[in-house]
Amino acid sequence: MDKENERTETRRERILRTILLGGLIAALAMPFVYIPSTTFPFVFAKAVSFSVLVEVLFVLFVLYAAWVPAARPRRTVLFLTVLAYMAVLCVTAFTGVDPHRSFWGNHERMSGVSAILHFFLYFVMARSVVRDLRHWRWVFSAFLVSSVVMSVIALIEHFSKNGILASAPGGRVWATLGNYIYLGVFMLFAMFIAAYLFTTTRVLWQRLLLVGVGVLNGYILILTESRASIFVVFATIAIVAFLAMRQSKNARVRRAAWVSVAVIAGFVLVLFLAKRTAFVQAIPGVRRIVNTPFSISGNRTRFLAWQIAAEAWKQKPLLGWGSENFYAAFNLHYHPESLFYSYYETWFDRAHNVFFDSLVMTGAIGTVLYLGISAALAYTILRKIRQGNLTMIQGALFLLLFAAYFLQNLTAFDALSGFLLLYLVCAFLDVHTIEQDSAELAVFPLGTAKTVLVVGATAISMLVFVSINVRMWQAN
């Protein structure tokens, strides 16, 4: 590393980095924000609180980056791909049919370009501030603690006679996230991160604790009855077992893998053969999977939405209709058949498929870059395996996590808590180590003479955004 990156950290820089690290960890509390007095209480307050926190942290981060060159954004394949995607989001927002809605979103989803840019800033800060494995273990441990708290809330919700947080009693759970799918994604990340931390320690009590957390998260995932998330977990276990069966040189590991594959295959076969029995129908999560209609007629409204998406994309193929404008495309190309399935099925603001959503809202250019992020992630993971920064097992876990995340979004769409965890893990995988080559260690230049100007401009900009959040709160 060069001399600029080897400089000794001063006391003020260390204090500032500690504050930033604490703020990044505090952001993990966003999924718990729930204020009943707001419209869309499971969504709006989360977005506003997260935005304000990120805006305050970003002013401090700019000051920190002005003092510490090593904290400035560094060029990597993943960073540049995500940055290009953000640029296209901004462009499509203003070339779309409703720029205001595209940029600011709406109170029900709060996932306009403005919100996504805040997650991007979180990604930039996390990859620059959290630069060693010890601190990343703190961050991931804090997230797992939050997953346990979320699990406890979900358990209370499930066994409550009256239901809590606007949920029905004794049924599917959504805890403080307001949607079964969102909680399923949350628990999906928690299980994989617990598995990753399991591989980083040989201390028995820590491993037992992580297994317990993973099992608890898995149970809550089943209680969400989120079919896509449950399916990808079983598929991931089967894939890992199959790979171990084919690649491992240890005979006992191969035998265990064979047994695992056979047990999973047999379990799935028995469930589908006995899906009409009272026993199978009483198993949470499983009953929804075995009752899933796999025919086009059984999922007709979803296929109608996808057909409409394809028709709408042909009308605006390059840059799309703009973020958050799927509803406009759906209305213009509306199929009257949708009414046959109820009034509820005549309104879609998402295609419930990330590929079609991206095609309609950001066009071919945005979709290519969105898929490019997945390719950049795969490249980053494989490169870290070659560098020795990730073991083969750890790399496989993260590859399977993102594969699971993408597969689950082929029949759904993500929201605030999912975005937070996605960009957090992306930051971890993109974090810099001393093994990186000189090309990647090149920093974006920032002369000391520009420090006051840059920090001042950033502070004013963030103050404007904070005031906008206050106005949004008042409007809500």
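Q: Contact means heavy atoms within 4.5 Å. Among contacts in the protein chain between residues at least 6 apart in sequence, what share joins residues at least 24 apart?
A: This is a predicted model: local features need pLDDT of at least 70, side-chain atom pairs count only at pLDDT 80 or more, and totals for chains, interfaces and linings use all residues. Residues are numbered from 1 along each chain as its sequence is written, and side-chain values use heavy atoms, with hydrogens and water left out. For contacts between residues at least 6 apart, the share joining residues at least 24 apart is 74%.

Q: Is leucine 377 buried or exposed?
A: Leucine 377 sits in helix α16, residues 354-387. Buried means under 20% relative accessible area, exposed over 50%, partly exposed in between (1.4 Å probe, protein chains only). Because its relative accessibility is 5%, leucine 377 counts as buried.

Q: What C-alpha separation do leucine 377 and leucine 78 have?
A: Leucine 377 touches Leu78, Phe402, Cys426 and Leu429, leaving aside residues up to four places away in sequence. Leucine 78 is 299 residues from leucine 377 along the chain. Their C-alpha atoms are separated by 6.3 Å.

Q: Which residue forms a salt bridge with aspartate 430?
A: A salt bridge is a side-chain nitrogen of Lys or Arg within 4 Å of a carboxyl oxygen of Asp or Glu. Here the closest N and O atoms are 2.9 Å apart. The pair links helix α18 (residues 416-430) with helix α6 (residues 113-129), 303 residues apart. The partner of aspartate 430 is arginine 127.

Q: What is the distance between the closest N and O atoms of arginine 350 and glutamate 324?
A: Arginine 350 counts as buried at 6% relative accessibility. Glutamate 324 is buried too, at 3%. Their salt bridge has its closest N and O atoms apart by 2.8 Å.

Q: Which helix gives the most to the nonpolar patch?
A: Patches are made of residues with over 30% relative accessible area and no salt bridge: like charges are joined within 9 Å, nonpolar side chains (Val, Leu, Ile, Met, Phe, Trp, Tyr) within 5 Å. Phe234, Phe267, Val268 and Phe272 make a patch of about 300 Å². Phenylalanine 272 counts as partly exposed, at 31% relative accessibility. With three residues, the top contributor is helix α11.

Technical notes:
Areas by Shrake-Rupley, 256 points an atom, 1.4 Å probe, with all protein chains shown as cover. Helix = DSSP H or I, 4+ residues; strand = E, 2+ residues; numbered from the N terminus.
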